[in-house]
2 protein chains.
Amino acid sequence: MPHPQAMRNLALLAVSASLLAAAPAAAQDLSATAVAVRDKALSDSTAWEIAESLTTEIGGRMVGSPEMERAKDWSVATFKRLGFQNVKVETFTTPAWFRGQESAEVVGPHPHKLHILGLGRSVSTPKGGLTAEVALFRTYEELLAQPEGSLKGKIAVVTGVMTRSQDGSGYGAVGPQRRSGAVEAAKRGAVAYLVRSLSTDDTRLPHTGGAQPAGIPAAALSTPDAELLERLVARGKPVTIKLNMTSRFEPKAPAYNISGEIPGTDPNAGVLIVGGHLDSWDPGTGAVDDAAGIAITTAAAKLAASQGPLKRTIRVVMWGSEEQGGSSEAYLAAHKDEVAQMVVVGESDSGAGRVWQVRLPKGSLEHPAMKAFRGAIAPLKVIVSREAPRFGGADVSGLVGAGAPFVEFEQDASRYFDLHHSADDTLDKIDPAELSQNVAVWASFLHTAANSEIDFRKEAGR
Amino acid sequence: MPHPQAMRNLALLAVSASLLAAAPAAAQDLSATAVAVRDKALSDSTAWEIAESLTTEIGGRMVGSPEMERAKDWSVATFKRLGFQNVKVETFTTPAWFRGQESAEVVGPHPHKLHILGLGRSVSTPKGGLTAEVALFRTYEELLAQPEGSLKGKIAVVTGVMTRSQDGSGYGAVGPQRRSGAVEAAKRGAVAYLVRSLSTDDTRLPHTGGAQPAGIPAAALSTPDAELLERLVARGKPVTIKLNMTSRFEPKAPAYNISGEIPGTDPNAGVLIVGGHLDSWDPGTGAVDDAAGIAITTAAAKLAASQGPLKRTIRVVMWGSEEQGGSSEAYLAAHKDEVAQMVVVGESDSGAGRVWQVRLPKGSLEHPAMKAFRGAIAPLKVIVSREAPRFGGADVSGLVGAGAPFVEFEQDASRYFDLHHSADDTLDKIDPAELSQNVAVWASFLHTAANSEIDFRKEAGR
């Protein structure tokens, strides 16, 4: 995909020239090469090609599935094709849930087919399905306010709405209704649980996701179906739903963390670890979640080294079980002795929207390497927060807990939750220009951090 | 639904006052009452309640289905509840097609499940499905350029794209690929036909629709699936699809044109016939296509008479088989002796987007009644075209062919084809304010035409 950037690049040249004038010699070099890396990234198509290939040749990638086996081979081949070294497949086991057949319908008083997707870890209905009356709550809090036993024999339904927001905070706000709703409904006697999708869209496609095992069937309703149920219940007559779901659970499915390296010239200078997750939910092709993250970080690592060899090693990891959990723990277990050598870790896992804010490790903003980074990304319309990172990504949370410094590059999530965990998570939703902006930010960062001696731990302590 | 209109209404009062100053006495009355009708419509919730009721209590309404039987009863009850007189159910028979089970998957070289919806009149696949290689064409013209026999044993795929446009003309431009593609593919030896949905959206929901009987299975692909197939085919290896479809066809299913009247004070002054169609495709709940049209015209007829009895009778018809055809012919057959008494006919069947242009019968623009109408709707941001109407709606095409004058009120179709014939055709897609604007336009028109002696045939001849 060509990225006509001529006009923008002219503007960038002016910015970088003024930065160079004020900086000392070594930092000047880093500022100049960071800008060169950024500009190369803005017109590079590697990330797009990676996302296109993974979504087209593999598609959805549930942990433990045949698709994941193919994805593992794809990962190894991709790293090798792009010239990565020390390509490794680290196998571990993790619980894996598999969707079977699913259907739901309102049987009375006004029949309707409902569009649902089972939540991860949902159990099957009894053979032939179950039919029960609905108890509908417009918020999760309303469900929690019900006394124990009060939902006996009912299908509990929670229809809390999600707010669209750039920082994705709307997702967290209603998260418990998906993750814990079935457990709370079961405690109160419900025989099944339906929840309005955690979604900002209005299509008839439900959004799946992980949930705590509850012992009762649990599924997500599409937005229009949740609103239909509200209207039916508002009519005052009992609403009855027939639900039929099958699923399968494997407590120990094989999973893979796959990595490749761009080796640094100084093997003792530490390693930078970045990546995205290879697994996805099944309804879509795992494009924005998270082929994009894999594409961005893999391309960025390559581009970071495009101005000559780097001092430090960059390792890209394609984590193998983010959606159903396990990658982070497995990666920490396999690399805990290496944590002290980790310069910084980070994951790209909020889609393919542009980076609008970066959070750098505490105390590091004024280091010449980070000044060079900040100078390079300023024209990309990125805020450099004065606050420390809060969350580095689910797959690096183990490393972070063990003391690895981490970054947080916040992507514009305004549209992400229209697509997330639904059949709509497909390649066409990725904007190549936005994808390139992400690559430019990550590549500039990796370049400046890998080609300097910045010690994020020490900067934090000053 | 409340419609806060206070500020807008103040502006409208100023407009109507200036109109009144320049007009003679009788026309003044009509101008003033037309404005009163319009303003009442803008803050009235009848149309919303009708659309809400039909989509919630009935849902999708295929001709010949149990849902249509319920819809018939709903129509009669709705007319009576709203005080319509002479409520009639006119039964006819029409061919009806019913969807069964449908699935499609790419079996190689890269397996993917595809999201499809069978096209109306498609035949079933052989039992157990059929598996064949894809022959993909990016335009319908490319398919037509293939010699006879050249697609022997293949699944022909056409992926022409549809352009978003306010006037909906993008639909017509690619219409033949859905309506005639299977016939053309079959002529050339294809064993099945898949077509990119006639749609402007990018969701994973396919859009169904009518097609000429072709003797081979035919289905629509969602936009992302059509693009996925393009990418798979572009890789140069043969792409194989397994298709499994069942359907049922009834050559003589029962269908109903249902009507109700607001009787005029002068039984010899003619009748105005307006309406929408009651049937819909099955995947959605038939909200924008065409609960909206029924809601708009039914509410408008009521509101037209809200300033006192009208001279002429308004008849609202809920036509019973637009999607699969037959209502228009049946209505003409039952009412051909009445055509000379029809003052004007019209149908609302392009969704619930606001009316942006009206086309009035030739020569009628300067008649005092139409001047009153034009004055009333000018603040609603409606263009009054100098051109004659081109199309009054599928269900009035029989009457129009027999000589009935007709109007064309063009709705903004920019978003209509995101929803049309798909599972996304649900109530939440209707904007209550836009729906009210439609009602205001139709009610003002019905009021001025029914409360005057305008003779559209005579105006055309002057």
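Two strands are taken to pair if DSSP finds at least two bridges between them, and helices (H or I, at least four residues) and strands (E, at least two) are DSSP runs numbered from the N terminus. The structure is a predicted model, in which local features need pLDDT of at least 70 and side-chain atom pairs count only at pLDDT 80 or more, whereas totals for chains, interfaces and linings use all residues. Residues are numbered from 1 along each chain as its sequence is written, and chains are lettered from A and ligands numbered from 1 in the order in which they are written.

In chain B, an open sheet of 3 strands with mixed pairing has the order E13-E12-E14. Strand E13 (383–384) and strand E14 (408–411) of chain B each have a single partner strand and stand at the edges, so one side of each is left without a neighbour in the sheet. Strand E12 (residues 355–359) of chain B runs antiparallel to E14(B) and is joined to it by 4 bridges, with B:Val355 standing opposite B:Gln411 in E14(B). H14(B) lies across E12 and E14 of chain B and runs at about 20° to E12(B), where axes are lines fitted to C-alpha atoms, for helices over the stretch in contact, and angles run from 0 to 180 degrees between N-to-C directions.

Helix H3 (residues 46–57) of chain B has 12 residues and reaches 16 Å from its first C-alpha to its last, close to the 16 Å expected at 1.5 Å a residue, the expected span being 1.5 Å times one less than the number of residues. H3(B) is followed by B:Gly59, whose phi is positive, near 85°.

The contact between the chains takes 20 residues from chain B and 20 residues from chain A, two residues being in contact if their C-beta atoms, placed from the backbone, lie within 7 Å. On the side of chain B that touches chain A, H3 and helix H8 (223–234) of chain B each supply at least two residues, and H8(B) gives the most, with 5 residues.
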